[in-house]
Amino acid sequence: MGGTSKLRVVLDARLSDGDPGGVQQTILGLAHGLSSLDGDGEEYLFLGDPARMGWLAPHLRGRCKALPLPAANPGLLRTTARKLGLLDPIARLVYEGPLGALAPVELPASDGTIERAGADVMHFTTQAGFRTRVPSVYVPHDLLHLHHPRYFPPFALRWRAAHYGPLSEQARFVVALTQFGKRDLVERLRIPPAKVPVIPWAPVLQAYADPTAAMLDEARTRLALPERFLLYPAQTHPHKNHLALLDALARLRDELGVTVVAVFTGKPTSFRAVLDARIRTLRLSGQARFLGFVSPSDIRCLYRLATLLVYPSRFEGFGMPIWEAFEAGLPVVSSNAAALREVTAGAALLFDPDDPPGFARALAEALADPGLRESLISRGREVVRGKDWREVALRYRALYRAAAGQTLGEEDRALLASMTR
């Protein structure tokens with residue numbers, strides 16, 4: 001078969017709105033990019049529960065369509081339900097507590113939905129998946145659990161062990177988002193390097209319309225945003241290191257006389273209670289604003305209105321908000337952990353996430369120096385120049401064709417070589 005032969009690809013979109021936020025945004029970006037490709041040789045079907053796909057539906061155009069899960073689908077939904085915390089409260093106590101060491105965990109088998117749909121390739125876009133004989137592409141995003149197992153309850157560690165290895169072994173390609181991620185997959189999961197292409201994401205803000213001046217004014221009023229604020233868009237998982245940002249706010253106020261508000265977005269987790277307690281201890285109730293999961297329009301406005309994006313995470317496989325900030329012209333102060341030094345590429349003011357005084361000094365420097373902020377904005381725009389979802393989609397299309405065993409054209413061969421070298 002040639003590179004333009006018919007090809008039907010199924011992409012896993014079994015997520016609810018906001019769960020998990022970063023992965024959801026990449027699926028949306030892929031839909032945006034794949035729908036822009038020329039030709040009629042491919043069809044892209046996004047697998048999901050019709051009742052939970054409202055966040056994606058506006059971006060499914062042209063060759064991109066929804067593939068509904070059957071009404072009764074316990075096999076495929078079990079893994080997603082556990083991962084998204086959709087089980088009943090008693091079950092959640094088991095999976096999040098010590099009894100999780102004994103709870104059953106398995107990699108489910110396909111229920112036949114994708115096979116009946118005639119899939120030539122299955123793209124597992126999240127860490128979850130299922131057993132299938134359809135050739136697959138797997139994107140594990142990161143190996144946080146191997147670097148920081150303390151952040152995971154027993155069941156979550158066993159769940160990841162039951163999925164990451166088998167899904168990687170099953171896949172024709174296991175995609176890394178950075179060179180750091182590729183080294184991690186090769187060294188820790190023993191995946192052959194040639195099987196691990198590197199495909200960075202692009203800023204998802206490209207899929208949304210630019211906010212107008214009226215929209216910015218309305219958002220500032222409705223969200224009660226101050227003239228100057230820090231933005232941290234991340235769910236409240238422990239490794240996201242919100243605690244360090246709260247401590248930095250207190251240091252700025254108490255040691256340097258600088259009072260600034262931090263605005264947090266993202267769906268809250270059970271760790272939010274720990275953050276609330278720290279806010280009370282540090283007397284930060286007027287400086288820490290949690291907006292929860294916000295709409296695409298609001299996040300676009302927040303990137304435009306904020307003074308700095310702050311990203312103190314202890315571990316990231318990529319860090320999408322950083323490239324979104326670069327795209328929006330928002331200066332970035334970031335941790336240097338894991339892949340973040342590579343992703344920021346010299347365009348952010350970096351700090352050690354385990355150095356609280358250094359973090360506070362970096363914030364103070366960026367807040368006080370408009371020339372530094374302008375320099376960071378300029379460098380950030382250079383980092384993301386030419387990074388778009390159509391280019392990401394072209395690379396994935398080459399992978400899909402290779403995974404399906406098609407004979408690749410010259411462009412696809414060149415793309416594949418650039419991703420796997």
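**Helix packing and sheet order**

Mentor: The crossing of α9 and α14 is right-handed, that is, the near helix is turned clockwise from the far one by less than a right angle. Helices (H or I, at least four residues) and strands (E, at least two) are DSSP runs, numbered from the N terminus. This is a predicted model, in which local features need pLDDT of at least 70 and side-chain atom pairs count only at pLDDT 80 or more, while totals for chains, interfaces and linings use all residues. Residues are numbered from 1 along each chain as its sequence is written, and side-chain values use heavy atoms, leaving out hydrogens and water.

Trainee: Is α9 roughly parallel or roughly perpendicular to α14?

Mentor: Helix α9 (residues 242–256) packs on helix α14 (residues 356–368) with axes 9 Å apart and an angle of about 70 degrees. Axes are lines fitted to C-alpha atoms, for helices over the stretch in contact, and angles run from 0 to 180 degrees between N-to-C directions. Angles under 35 degrees count as roughly parallel, over 145 as roughly antiparallel, 65 to 115 as roughly perpendicular and the rest as oblique. The angle therefore makes α9, relative to α14, roughly perpendicular.

Trainee: Which are the edge strands?

Mentor: Six strands form an open sheet with parallel pairing, in the order β3-β2-β1-β4-β5-β6. Two strands pair if DSSP finds at least two bridges between them. An edge strand here pairs on one side only, which holds for β3 (64–68) and β6 (173–174).
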